[in-house]
Amino acid sequence: MNDARGWLLHLGLLAALVLAWFVLPAYHTGNLARILVLAVYAAGFNVVFGYTGLLSLGHALFFAAGLYGLGLSIQHVGLGVLPAFGVALGVSALIAAMTGYLALRTRGVAFMIVTLMFAQTGYLTVLYAGRWTRGDEGFVIARSARTLFGLDLADERIRYFAALVLFAIVFLSLAAIVSSGFGRALVAIRENEERARLLGYDVQRIKWLAVILSGTVSGAAGAAYALLFGYAGATFASVQYSILPLLWVLLGGAGTTIGPLIGTVFMFYLVDFASEITDAYLLLVGLALICLTLFLPRGIAGELRRRALPWLP
Amino acid sequence: MTAAGRPAATPVLETRGLSKSFGGVDAVIDVGISVPEHQVRALIGPNGAGKSTFTGLIVGRFEPTRGSVRFDGRDITALAAHERIRLGIAYTFQITSVFAELDVRENVALAVRRAVVGLNLGRRARPRQVRQRVDEVLERVGLQARAATLAGDLAYGHQRLLEIAMGLAQAPRLFIMDEPTQGLAADEIERFVALVRELSASTTILLIEHNMPVVMRCADRISVLETGRLLAEGTPDEIRANEAVQSAYLGREVAGDGPDIDPDIDPDASPDASPDAGPDAGPGGMP
């Protein structure tokens with residue numbers, strides 16, 4: 001970021017999240033730990049969708065790659081938390097590199113369908129390998145295996161701050177990346193691919209790097225989810241988990257650094273609130289989403305940037 | 001300006017037998033041109049003559065059906081577009097193509113950063129260095145006051161200037177401009193002509209242009225395309241006198257050196273070029 005206000009906003013937001021632990025009741029901090037991990041997923045998705053302008057419908061593949069990369073290597077290989085996390089990152093980066101390389105030969109609707117199909121293949125693979133993954137039912141990762149530097153990651157407080165540390169690393173790194181020359185090149189490709197190409201940008205390679213970065217961050221989120229909440233199941237590889245980050249990012253503001261978190265918080269509490277009122281909570285959620293897309297087409301942070309804070313990274 | 005036709009060791013740009021057909025329709029047929037360093041070469045011809053396809057073949061937007069493109073003596077026919085650009089070719093689009101949602105400064109900065117960083121994505125362009133270069137370029141085309149405007153909000157003529165700025169920012173060895181003066185006001189055209197002359201000291205220019213006074217004043221040599229073929233080539237005076245060109249392209253009135261040879265094939269450029277360019281753009285007004 002080239003703007004001091006940008007850094008202030010980012011550090012201020014992280015400070016507020018630290019403070020939140022001490023101020024908010026346990027119910028909300030519990031939610032927030034989950035939200036922070038999911039916001040990392042949304043932030044990963046945002047790299048490809050928000051900055052590069054590629055609509056992937058298959059990010060559940062990367063999330064699940066991280067989730068199972070960590071889960072299976074703890075459960076069946078007996079790795080420690082750190083090496084398992086390393087495996088998760090490696091596997092998701094590798095899968096992103098391979099599927100990205102192939103999917104990027106297409107564009108537009110074809111790209112959506114190809115990524116969706118890759119993710120479905122991943123989902124079916126999880127079911128097929130049910131002997132290890134236990135399919136839909138999933139498996140629980142024992143609390144005893146979820147310790148890092150002697151800290152019990154299942155403990156509420158430690159879990160919250162572990163989630164926050166991961167979020168902070170991803171949040172600040174991505175903020176730096178998107179304001180770097182590479183990040184600006186992503187935006188250039190999103191805005192006008194042919195012009196970017198004829199300025200000498202290797203569009204294909206840059207897109208590929210974006211998919212790998214995005215897939216790896218999504219994988220980190222999946223791994224953290226398995227680690228902190230001790231469960232891995234096939235639902236996380238399903239199409240629903242490819243659509244969710246899209247909703248979060250759209251609501252929060254595609255192509256903004258704070259949008260993914262805002263969108264995830266908003267959506268989480270929207271569902272939470274609506275399900276208190278009625279069993280047909282999806283009806284309310286749907287209504288709210290329609291209103292938002294009608295009145296805030298750029299998402300919450302996107303509208304903020306357009307109307308009041310043009311420096312928002 | 002360099003004297004027309006001065007021999008140079010290796011031409012900056014050379015095409016040999018360059019041809020392109022789109023689904024059986026021959027857009028460009030066996031075109032061979034050779035442009036020496038520091039020359040301003042104009043490429044003219046009626047609409048549909050294949051000018052834009054030809055430049056597209058040079059920068060790699062299309063793959064040729066036959067023939068080759070050489071840049072600085074090196075065969076670049078097999079290179080992808082971005083690789084050719086990186087060798088030192090800048091290209092402005094015929095139909096304005098800027099980053100509409102980004103501001104003018106960022107548009108130019110994207111060009112500068114790529115030119116500075118080159119092939120190495122990991123290398124960082126220093127922000128101050130980029131900013132300085134952007135200011136320099138914007139000053140040169142006269143857009144410095146609009147640096148913070150979104151490119152999409154610029155007037156059409158200013159978008160054309162922005163395109164030129166993005167090309168300049170790359171400090172190219174070869175600068176290909178596809179109808180750069182289309183939609184420019186008379187004073188902007190004057191500024192453009194001055195800029196091209198100034199640039200020709202340091203770079204080689206291939207100019208596709210419909211505005212005949214601009215062509216006559218800028219070009220060292222002119223190549224004329226018609227229905228995909230190279231019809232004629234020569235100095236502005238030779239082209240003016242060439243009968244084949246007269247009948248094929250310039251049509252009726254060629255004798256005068258005034259702006260009335262502007263052919264009526266470009267409705268966009270005519271309002272600016274015809275009435276305004278007349279009194280103050282003729283050769284008499286030149287220093």
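Guide: This is a predicted model.

Visitor: Why is α2(A) called roughly antiparallel to α10(A)?

Guide: Helix α2 (residues 26-51) and helix α10 (residues 203-229) of chain A have axes that cross at roughly 165°. Angles over 145 degrees count as roughly antiparallel. Therefore α2(A) is roughly antiparallel to α10(A). The two axes come within 7 Å, and the crossing is left-handed.

Visitor: What residues meet in this helix pair?

Guide: Among them are V37(A), Y41(A) and F45(A) in α2(A), and V217(A), A221(A) and Y225(A) in α10(A). By class, the contact of α2(A) with α10(A) has 18 nonpolar, three polar and no charged residues.

Visitor: Now chain B. What makes β7 and β11 of chain B edge strands?

Guide: The open sheet has six strands in the order β7-β8-β9-β4-β10-β11 (chain B), with mixed pairing. Both β7 (89-92) and β11 (229-234) of chain B have a single partner strand, so one side of each is left without a neighbour in the sheet. Neighbouring strands of this sheet are turned by 15° against each other on average, direction ignored.

Visitor: How do you know that β8(B) and β9(B) count as a pair?

Guide: A pair needs at least two bridges between the strands. β8(B) and β9 (residues 204-208) of chain B have five bridges, in the parallel sense, so they count as a pair. Within this pairing, I176(B) stands opposite L206(B).

Visitor: Which helix lies across β7 and β8 of chain B?

Guide: Helix α5 (residues 156-168) of chain B does, running at about 170° to β7(B).

Visitor: How is chain B divided into domains?

Guide: Domain 1 covers 13-88 + 174-285, and domain 2 covers 102-171. Their contact takes ten residues from domain 1 of chain B and nine residues from domain 2 of chain B. On the domain 1 side, β8 (174-178) and α6 (186-199) of chain B are the elements that give two or more residues. That side has five nonpolar, two polar and three charged residues.

Terms used
Residues are numbered from 1 along each chain as its sequence is written. Chains are lettered from A and ligands numbered from 1 in the order in which they are written. This is a predicted model: local features need pLDDT of at least 70, side-chain atom pairs count only at pLDDT 80 or more; totals for chains, interfaces and linings use all residues. Domain bounds come from an automatic or database domain assignment. Two residues are in contact if their C-beta atoms, placed from the backbone, lie within 7 Å. Helices (H or I, at least four residues) and strands (E, at least two) are DSSP runs, numbered from the N terminus. Ala, Val, Leu, Ile, Met, Phe, Trp, Tyr, Cys and Pro count as nonpolar, Asp, Glu, Lys and Arg as charged, and the others, Gly among them, as polar. Axes are lines fitted to C-alpha atoms, for helices over the stretch in contact, and angles run from 0 to 180 degrees between N-to-C directions. Angles under 35 degrees count as roughly parallel, over 145 as roughly antiparallel, 65 to 115 as roughly perpendicular and the rest as oblique. A crossing is left-handed if the near helix is turned anticlockwise from the far one by less than a right angle, and right-handed if clockwise.
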